[in-house]
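Hi,

Here is the structure I promised to pass on to you.

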Amino acid sequence: MKISIVGGGYVGLVTGTCFAQLGHDVIIIEINAEKVRAINNGKPPIYEIGLETLLNQHAGKNLHASTGFDTIASADIVFICVGTPPKPDGSADLSYLESASSSIGTALKNNSSYCCVVVKSTVPPGTTEKIVRPCVLKTSGKTENEIGFAMNPEFLREGRAVEDFMHPDRIIIGSNDSRAGKQVALVYQGISAPVIDTGLSAAEMIKYTSNAFLATKISFSNEIGNICKHLGIDVYEVMKGVGYDPRIGSLFLNAGAGFGGSCFPKDVSALISLAKKAGENPVLLQSVLSVNEQQPHRMVALLEEKIGSISGKRIAVLGLAFKDNTDDIRDSCAIPVIRELLQNGAQISAYDPMAISNMQQIFPEIEYCPCAADALAGADGCLVMTEWPEFSRLDKEFDLMAHRIIIEGRRILACKGTDGICW
Ligand code: UGA
C-alpha cells in the first residue's frame, strides 16, 4: 500500500520505517528539513535500537521523507503522527494536529481514489470525529465515500519501539465505518497480534487509559516502597510476591525515582484535564502525579540525611535519560534532582551513556564526564537516576569517591552498601 506518515518524530519515524519493512511504500512528511535529509540518508535523527539498520535497508527505496504534502495525493492511507504537547493547564495542545489535518485535506483534493486518514497521535476522545474529520472533509471538498477516518493508537516504548511495533500485544483500530477499519487492518498484515475493533472515541480513550493505568502501577509501587522504607522491608521482595497474582501482573511494579518521559506525565495530566472539564474530580489520577512529583525530592532528602548539608559538596549524578536505551531527557526525574541540588549549592558531576548533550541544553553549568568513574572521582555522594544496564557492573569505581554514599533511584546496582530510595 502507499502510506503517508505526517510527522517524523519518534512515533512517525518508527511507524514509517516498520511499515516499509512490512513491504509498503512509505513517505514521511516532516517540516524539519534537516530531519528529512537525515532520514533520506538512512540516518535516524533519534536513537532507537534496530532503527538505523531498518532505515538503511529502506531509505531511498520504499521509504522517502519530504517536507511537502503533495505526495499525499496518491496515498491509500495517511497516518497522523504529530505531537500533542501539554498546554499550561495540562490539556493536550491540538494545534499541530489541526494544521496537519488541514494540509492533508488540501493535498487530498487531487486524490482520485479512496483514502483513509488515521490518527495515531494521542488525542482526547472525540478529536478524530469532531476536529480531524470535519477539517479534512472541508479542506479537501470530498465526501465520506471518498475519505475514511480511523484512530489507531500506538503503544511503543522508547528504546524498544521497533520491537514493540513488530510484536505488539494488540492492534486497536477505532473507526465509525467498516471500510476505513478494514483499510487500517490491511497495513498490519504480516504482524501477528489480536486486532480489536472499536469506535473512534473508545480507541482514543484506550490510549489514555493504558498510560494512566501503567503510571498508576508505578506510583502505587512507589507509595508502597516509601512505606516499606520506613519499615525496613525490601519493596522489590514485596512486589515480586504481589506480582505473581495474574490479576495484578508483575510488570511496572518497579519502585524508584518515579516515571518520566514524553508520555506518562503528559497523558495523565491530559486525562485529569478532560475529567475536570467533564465535571469530575479525578482524585486518584491527581495522586498518581503528586506521588510521582515527590520521588525526586525524596532522593535529595535521603542524600542530605546521609551527608548533611550538600552546599559545596561534589555530587555525582549517574543517569540523565528518563530511562535506559534512550537519549531522551523529556520529563526525566534527573531534572528536578539536578535543579534541587544546584539550589542547595552542590557541585554536580554527571554521566550518562547517551543523554549528556541533551541535558547540556538545560543545565550548561554542571560538569559532564565521559564515564561513570570520572563522575564519581572525589564525590561526596552519588545519586543513580536511570536504570542503565552498564551501571549494574559498577563497584570499585565507587571507591574513587571521597565518601562512598550511594543513593539508588533505580534498582540497578549489584554492589553492596547502597541506599535505595524505597528499599
Ligand atoms: C510509555 C508506554 O510504556 C508505552 O506503551 C506508550 O506507547 C508510550 O509511553 C507512549 O505513550 O508513547 P515510554 O514513555 O517510552 O512508554 O517508557 P516506559 O518504558 O513506559 O517508562 C516510562 C517511565 O516509567 C520511565 O521513566 C521508567 O523509568 C518508569 N518506570 C517504568 C518505573 O519507574 N517503574 C516501572 O516499573 C516501569
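A residue counts as near a molecule if one of its heavy atoms lies within 4 Å of it. Of the 21 residues around the ligand, the nearest are E154, E158, K207, N211 and E387.

One caution before the rest: this is a predicted model, where local features need pLDDT of at least 70 and side-chain atom pairs pLDDT 80 or more, while totals for chains, interfaces and linings use all residues. Residues are numbered from 1 along each chain as its sequence is written, and side-chain values use heavy atoms, without hydrogens and water.

A polar backbone atom of L156 is 2.9 Å from an oxygen atom of the ligand, and for a backbone N or O atom of F155 the distance to a ligand oxygen is 3.4 Å. N254 likewise places a backbone N or O atom 2.9 Å from a ligand oxygen. The protein covers 93% of the 720 Å² of accessible area (Shrake-Rupley, 1.4 Å probe) that the ligand has on its own.

Enjoy exploring!

Methods:
A polar contact is a pair of N or O atoms within 3.5 Å; within protein, one must be able to donate a hydrogen and the other to accept it, and residues adjacent in sequence count only if both atoms are side-chain atoms.
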